[in-house]
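Here is my note on this structure, written as numbered points. Please read it with the model open beside you.

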Amino acid sequence: MATKLEPPTDEQEQAFAESGDYITDVVKENLKLIRHTKGFSLDKLANRCGVSRAMLSQIEQGKSVPTISVLWKIANGLNVPFAELLKEKNQEGIHVLKAENSKVLFSNSKVFASRALFPFLGNRKTEFYELLLKPGGHEVAEAHKTGTTENIVVVSGKLRLRVGEKVVELEPKDSVFFKADVSHEYSNPTDQETLMYLVMDYTDEVG
């Protein structure tokens, strides 16, 4: 039975707000650039990705902070890797990603959080994320681009993963590798938060 979720704390809300402003600025510029490059109108992109024209317009104007699911839908509609919408301008040398500057994305229900642990710049074939799933939380992920794979290791808590029709359960220090070009779901069947790390690999270079 799913545990009743507690509302986010003031600290979590503040962190989300600060991260949200940063995400908004990056996404709005990338979305406009990619959409115009592909020659898509707002209406055409809305039809392709299932996100309303009004929402797309608000994101491009920096008036709305997109959730994880919305960004995935937009990326699929544009036929680009997820990281394209979060990519920063290219820089040289060593890149230190301070925790306070991390991009944290939340699901609509706030039970699932994804924090990017890599800089969104340059060409890359892999992405590295920290995932948090609240007690009783459930998140559905749409199929990614053909050839995309995920490698997850559970740090604490438990994970129930459904890939297509198959279901596996993982405990701390367990890991799983699977093809993510089919619909998959993450569930936390316990009353404790689940912490995981995800490495996502693309067949084609990201960026």
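The points below cover helices, strands and aromatic rings.

1. Start with a caution. This is a predicted model.

2. Look at helix α2, residues 42–49. Its buried residues are Leu 42, Leu 45, Ala 46 and Cys 49. Viewed down the axis of α2, these buried residues fall within an arc of 105°, so they line one face of the helix. Just after α2 comes Gly 50, with a positive phi of about 80°.

3. Now turn to helix α4, residues 68–78. How many of its 11 residues are buried? Eight are, so α4 is largely enclosed by the rest of the structure. The buried residues are Ile 68, Val 70, Leu 71, Trp 72, Ile 74, Ala 75, Gly 77 and Leu 78. Just after α4, Asn 79 takes a positive phi of about 60°.

4. Strand β8 covers residues 175–179, and its side chains alternate. Val 176 and Phe 178 point to one face and are buried.

5. Which way does β8 pair with strand β5, parallel or antiparallel? The pairing is antiparallel, over five bridges. Strand β5 spans residues 149–156.

6. Next, the aromatic rings. A pair of aromatic rings is described by the distance of the centres and the angle of the planes. The structure holds three aromatic pairs. One of them is Phe 112 with Tyr 186, and this pair is stacked. The ring centres are 5.6 Å apart, with 10° between the planes. The pair links distant parts of the chain: Phe 112 lies in strand β2 (residues 112–116) and Tyr 186 in strand β9 (residues 184–187), 74 residues apart. Both Phe 112 and Tyr 186 are buried.

7. Phe 128 and Tyr 197 form another pair. Their ring centres are 5.9 Å apart and their planes are at 40°, so the pair is tilted. This pair also links distant parts of the chain. Phe 128 is in strand β3 (residues 124–133), Tyr 197 is in strand β10 (residues 194–206), and they are 69 residues apart.

8. Are Phe 128 and Tyr 197 buried or partly exposed? Phe 128 has 35% relative accessibility, so it counts as partly exposed. Tyr 197 has 26% relative accessibility, so Tyr 197 counts as partly exposed.

9. Finally, find Lys 110. Its charged end sits over the ring of Phe 106. The distance to the ring centre is 5.8 Å.

Notes:
Residues are numbered from 1 along each chain as its sequence is written. This is a predicted model: local features need pLDDT of at least 70, side-chain atom pairs count only at pLDDT 80 or more; totals for chains, interfaces and linings use all residues. Side-chain values use heavy atoms; hydrogens and water are left out. Buried means under 20% relative accessible area, exposed over 50%, partly exposed in between (1.4 Å probe, protein chains only). Helices (H or I, at least four residues) and strands (E, at least two) are DSSP runs, numbered from the N terminus. The arc is that of the directions from the helix axis to the C-beta atoms. Two strands pair if DSSP finds at least two bridges between them. Rings of Phe, Tyr and Trp (its six-membered ring) pair if their centres lie within 6.5 Å; planes under 30 degrees apart count as stacked, over 60 as edge-to-face and the rest as tilted. A charge sits over a ring if NZ of Lys or CZ of Arg is within 6 Å of the ring centre and within 35 degrees of the ring normal.
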